[in-house]
Amino acid sequence: IAQAATIRQGYQTNIWGMPTYYLMKSGLLEKRGIKVEEFAVPSGNLTMQQMVARQVDLGTYAGPSFIIGHDKGDLVAIAVIEHVGRTAAVIARKDLGITKLEQLKGKKIANQTGSSIGNIFVDQVGPANGLKKGEYQEVRMDVNNMIAAMAAKTVDAMVNVEPYNAIAEAEGIGTILMNLSKYDKVPVFMAATPDFVQKNPDTLVAYLKAWLEVSRDFKDNPKKVHGVIHSFFTSKGYNMSLETFGKAMSTVDVDPGFPKDLGPYMSHHAEVLLKEKKISKIPDWKVALRTDFMEKAKAGSCGRLLTATLSS
């Protein structure tokens, strides 16, 4: 193997970043001669800012953050790594006996205002389920403080992500009313800086081949995957059983590739960002979404698999 580059890999320490964390701990990159430096942050939009500043080469975040990163720093997407719509949900306090969203009228709902999930709830999920903006009291709060607020009964419900939802259920604090995947599957992109793409095209193909192997581990060996990631959270002081964690992790759909319906989805988000003056123009998707690296990675691994099958 030719000497591959060192990748400065950004990732978020919530559940969305955990497939990337697993990739770095799996040994699959080293096997391909790729070295990694880790850059951990609480949320993906911070990785995007680090990449615009050229402090990090690769990192993951949802569509809107990627569109802003492309506008501000010419970042390109080399794959959709996962869909995380099922990781986000609306949870009501269990003691209230609430089963439907419309029953939250007049109630206090904890929401991380301005986050992609927060916006999906306010703009789409609430109104579609009989709960318009202004019919409830929105309490601005970081996702990591919401369970404590529910337990203290200072809020009646929360819009939150895993693993907090599974913890709230396991501890008998909350009941999941619905997840957000029906309204937005929330594709998470692996993006790269244009400088890195230009200098290291072969490294990117090898990197994506490792991702294809990671997705097989998620499907065929979830216990191994959950064990590695669970130890990350316990090392940070989270106290949750492997079973609760496994439930949380199973809501992340890891399937590296480029979904066919991505164009309209991304155009919709770009139009919203343009109207809010967060970007200067709608991206040229042929420039922003580089599907060629994934095509090469898939062609390479399919060929290898076929040979292995024929020879066995």
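Contact here means heavy atoms within 4.5 Å, and by that criterion H226, leaving aside its neighbours within four places in sequence, is in contact with L242, F245, G246 and M249. The model is a predicted one, in which local features need pLDDT of at least 70 and side-chain atom pairs count only at pLDDT 80 or more, while totals for chains, interfaces and linings use all residues. Residues are numbered from 1 along each chain as its sequence is written, and side-chain values use heavy atoms, with hydrogens and water left out.

H226 sits in helix α9, helices being DSSP runs of H or I with at least four residues and strands runs of E with at least two, numbered from the N terminus. With a relative accessibility of 14%, H226 counts as buried, a term that means under 20% relative accessible area (1.4 Å probe, protein chains only), with over 50% being exposed and values in between partly exposed.

The structure also holds seven aromatic pairs, where rings of Phe, Tyr and Trp (its six-membered ring) pair if their centres lie within 6.5 Å, and planes under 30 degrees apart count as stacked, over 60 as edge-to-face and the rest as tilted. One of these pairs, Y22 with F218, is edge-to-face, at 5.9 Å centre to centre and 85 degrees between the planes. Because Y22 lies in helix α1 (residues 18–25) and F218 in helix α8, this pair ties together parts that are 196 residues apart in sequence. Y22 is buried at 1% relative accessibility, and F218 is buried as well, with a relative accessible area of 13%.
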